[in-house]
Amino acid sequence: MHALDILGDPVRRRLVEVLAHGPQPAGALVDLVGGEFAISQPAISRHLRLLRENGFADADIDGTRRIYHLRADGLDAALAYLERLRSPMSQRLDALHTEIARGTSVRRRGDAAAKTGPAAASDIPTTHTQEAS
């Protein structure tokens with residue numbers, strides 16, 4: 001399964017968000033996330049299994065409890081995929097930024113030239129004969 005398919009499910013995304021704050025026992029995850037989404041313990045267990053199988057989480061056994069924690073593998077895979085999408089877009093955005101900066105520079109030079117260049121027609125004093133015509 002693709003890393004973004006795993007994170008595309010709101011229940012699994014919420015489980016990852018909760019685990020980002022630190023390890024949690026399975027029972028606490030069932031109570032919290034199961035309660036938020038109104039789903040059963042077996043459904044939460046299936047989501048946790050998918051997270052484990054795809055490198056997003058791991059579980060340590062502590063007596064009769066399973067303590068879940070995040071793994072970097074799944075998050076790294078999702079990030080690597082997004083970075084591959086970002087690279088071409090970043091190049092285009094950098095080119096757009098350059099063009100905007102170039103246009104701003106041209107406008108500034110144009111404004112500066114207008115202020116220091118030949119006097120505008122409205123700046124030339126008129127004589128009485130020019131006003132009459």
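**View 1. Gln24 and its partner across the sheet.** Gln24 has Tyr68 of S3 as its bridge partner. Helices (H or I, at least four residues) and strands (E, at least two) here are DSSP runs, numbered from the N terminus. S1 and strand S3 (residues 65-70) run antiparallel and share two bridges; two strands count as paired if DSSP finds at least two bridges between them. This is a predicted model, where local features need pLDDT of at least 70, side-chain atom pairs count only at pLDDT 80 or more, and totals for chains, interfaces and linings use all residues. Residues are numbered from 1 along each chain as its sequence is written, and side-chain values use heavy atoms, with hydrogens and water left out.

**View 2. The whole sheet, strand by strand.** Here's the open sheet: three strands in the order S1-S3-S2, with antiparallel pairing. Strand S1 (24-25) and strand S2 (57-62) sit at the edges with a single partner strand each, so one side of each has no neighbour in the sheet. Helix H2 packs on this sheet and touches S1, S2 and S3. Its direction makes about 90° with that of S3; contact means heavy atoms within 4.5 Å. H4, for its part, lies across S2 and S3 and runs at about 110° to S2.

**View 3. Where H2 meets H4.** Helix H2 (residues 10-19) and helix H4 (residues 41-53) pack at an angle of about 70°, their axes 10 Å apart. Axes are lines fitted to C-alpha atoms, for helices over the stretch in contact, and angles run from 0 to 180 degrees between N-to-C directions. That makes H2 roughly perpendicular to H4 (angles under 35 degrees count as roughly parallel, over 145 as roughly antiparallel, 65 to 115 as roughly perpendicular and the rest as oblique). From H2 come Val11, Arg12, Leu15 and Val16, and from H4 come Ile44, His47, Leu48, Leu50 and Leu51.

View 4. His47 belongs to helix H4. At 14% relative accessibility, His47 counts as buried (under 20% relative accessible area is buried, over 50% exposed, in between partly exposed, with a 1.4 Å probe and protein chains only). Leaving out residues up to four places away in sequence, His47 touches Asp9, Val11, Arg12, Leu15 and Ile39.

**View 5. Glu17 on H2.** Glu17 lies in helix H2 and, at 40% relative accessibility, counts as partly exposed. The C-alpha atoms of Glu17 and Leu70 are 9.5 Å apart, although 53 residues separate the two along the chain.
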